[in-house]
Amino acid sequence: MKRKIVVGHLYPDYLNIYADRGNMAVLERRAVWRGIGFDYRTIGLGESVRPGEHDLYYVGGGQDREQALVAPDLAGKGEPLREAAASGAAFLAVCGGYQLLGRFYRDRSGAELPGIGLLPHYTVAGERRMIGDVLLECELAPGEPRLLAGFENHAGRTYLDDGAEPLGRVVAGFGNNGEDGFEGSTLGGAVGTYLHGPLLPRNPWLADWLIARALARRLGETPELESLPDDFESSAARVSADRARARGGRF
Amino acid sequence: MVGVRLQLEIALARAAGSLSRLAGRGGGTTLPGKILATLDPAALGTLAERLPLGSALVSATNGKTTTAAIVSEILGGRIRLAHNRAGANLVSGVASALLTVDDAELGLFEVDEGAFPDVAGRIHPRAVCLGNLFRDQLDRYGELELVAARWRTALAQLDPAATVLVNADDPLLADIARGRPNVLHFGLDDPSVARERLPHAADSKYCRACGAPYEYRAAYVGHLGDYLCTNGDHQRPPLDVVARSIELKGLEATSFDLVTVMGTRRLSLPLPGLYNVYNAVAASSLALALGASLDEIEAGVGRFRPAFGRFERIPAGDKAVLLLLIKNPAGANEVVRTLVADGGPRVAVIALNDNIADGRDVSWIWDVDFEPLAGALERLVVTGGRAAELALRFKYGGVPADRIEVVADLERALDRGLAETPAGGELVVLPTYTAMLALRRVAAERGLVRPYWEAAA
């Protein structure tokens, strides 16, 4: 039987502000180059999520207006999405999508936009936007530290619950809130982060980690992924990391 | 009368501009204005007040330089203009343009989207032309909605007698101008040149009132088109100045009927692409508001030559370089679309820098629909500070990795591209803003073009 993964892209028409389709292109090509089928499905407003259908979910970022347009609909999908995560589906949520996977987003007036509580964090709007290149040190697989390089642009300050796992330690840049030195949030196969750029082209190891998690959910066993030639990827990552070291944001 | 103090400040600031050129540090197109603004922050308003015919501002994400340059071609023979034609479009650039011409009658200024409210507040323009708002350099301008909100406030503070020329095909712009007196709407009306659907990166595609997706009777460029809210909230306003029967002639030219209350003219524009039809209609509308006749518009549009770096052809021995600025998804999509309509280049050099003027966040290249170029491309040279990121964009966009060459240095990349171009052929070069300036500098050093501040003069 041919290996394949089923991918659910939430609200691509609304949440696409930071070139999210670059992430999708990388997941798709790196699956297909390895002979893994890539069954791409969009999940829009009013469409239901059936637990078990998808192996990998993607949620991108949007402007405040677009985020407010999708938030009530996403709240209605909270239960099946949390169920999917509990049963091992992989998630990548970037920027606005990352905020919406947390418990809530509180804006400057104190009003709260509900999240779905899939990741253990909440977000509060801040005064100054945190904009710039970012470099993280991550260890998604114990004993295998990796660098992750991207760009951040957010006014929200995200705070993780006690004991929650951040995606990485900030080497350069602001991170979740510009205070605690951590960025992103991860739980099982779910990853939330402010890093775009887009994130996956210059960090293919994370794309491969997500593909492996998605495949593991479908097959019930952890697959071996063959390595791919990543010359352009490595040099783009190097430049991006240099930028973060030279000019990453700090207060 | 200009006071003694201001005269002194003007003299100092002008001297700095000449020094900047002498020192080889560029055209001195912003330094005099910066100095003046530092010496006397109110000087911009004072200088603008001296203009007997007042000022007109042009702002947009894309097409500011070209639109203002077409207006200049239409009016320049009859009216002495203070015009920031080299594209220095912040407060300092506008101030510098005001400083360079003593006897100017009319101010014609392209203004950066972010600087528009500030400049409009200081200069009190008699006419304002707003072309479009697309997602652009989010790290610098912030979200589109924020720019629009600032523009809305700026429009509300304009003199009620000022004329506002607005592109009605942009739902966001039509919305911020709604209810204002003296608004003229321009736009396109020719479904035969419309796209089949909105491009991937379309912005502002949800109803301003209810949030429902707009239905497009015709989508022309990005989210610009003939739209309608399906809940009946609103639709594109009726057009006062319209382009109809549009003809796109490959990489060379366009022509269209300009329909106005004063009559209809067939205009021939020596610039390719539907986006330049928008620029020409915007320029014609502004020129009309400033008192131009249809005869002057027809002649001025027909005489127009591209602004530097925007579809500029540079001869290079027995070959030529075709320079097309790219800076955001909406603009780059139109450049790609125009190239592909002509068959698409076999060799291309694409340059991505990430300086402040380019935007430090390079993620926008992933929102550009570059894929239609993949089929014809046999050799792609990527260059600039973020060349590797471009290599990834094309690798994941379907160009085999062995056809992509990463040459970070701009000059060497240009030579690689020229080496791959057959004699008599034309090398397509798509640079971001600072890469374009650097490439023109290379061409100037080789004596192929004049520097931009002279070319624009």
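The model is predicted, so local features need pLDDT of at least 70 and side-chain atom pairs count only at pLDDT 80 or more, while totals for chains, interfaces and linings use all residues. Residues are numbered from 1 along each chain as its sequence is written, with chains lettered from A and ligands numbered from 1 in the order in which they are written.

Let's start with the domains. An assignment, automatic or from a database, divides chain B into domain 1 (42–303) and domain 2 (310–455). Their C-alpha centres are 27 Å apart. Where the two meet, 25 residues of domain 1 of chain B are in contact with 19 residues of domain 2 of chain B (contact: C-beta atoms, placed from the backbone, within 7 Å). On the domain 1 side, helices H4 (64–75), H7 (138–141) and H10 (274–289) of chain B each give two or more residues; helices here are DSSP runs of H or I with at least four residues, numbered from the N terminus. H7(B) provides the largest share, three residues.

Now turn to the helix pair. Helix H6 (residues 116–123) of chain B packs against helix H8 (residues 144–157) of chain B at about 10°, with axes 9 Å apart. Axes are lines fitted to C-alpha atoms over the stretch in contact, and angles run from 0 to 180 degrees between N-to-C directions. H6(B) and H8(B) are therefore roughly parallel, a term for angles under 35 degrees. H6(B) contributes B:Phe116, B:Pro117, B:Ala120 and B:Gly121 to the contact, and among the H8(B) residues are B:Arg150 and B:Trp151.

Note on methods: Parallel < 35°, antiparallel > 145°, perpendicular 65-115°, else oblique.
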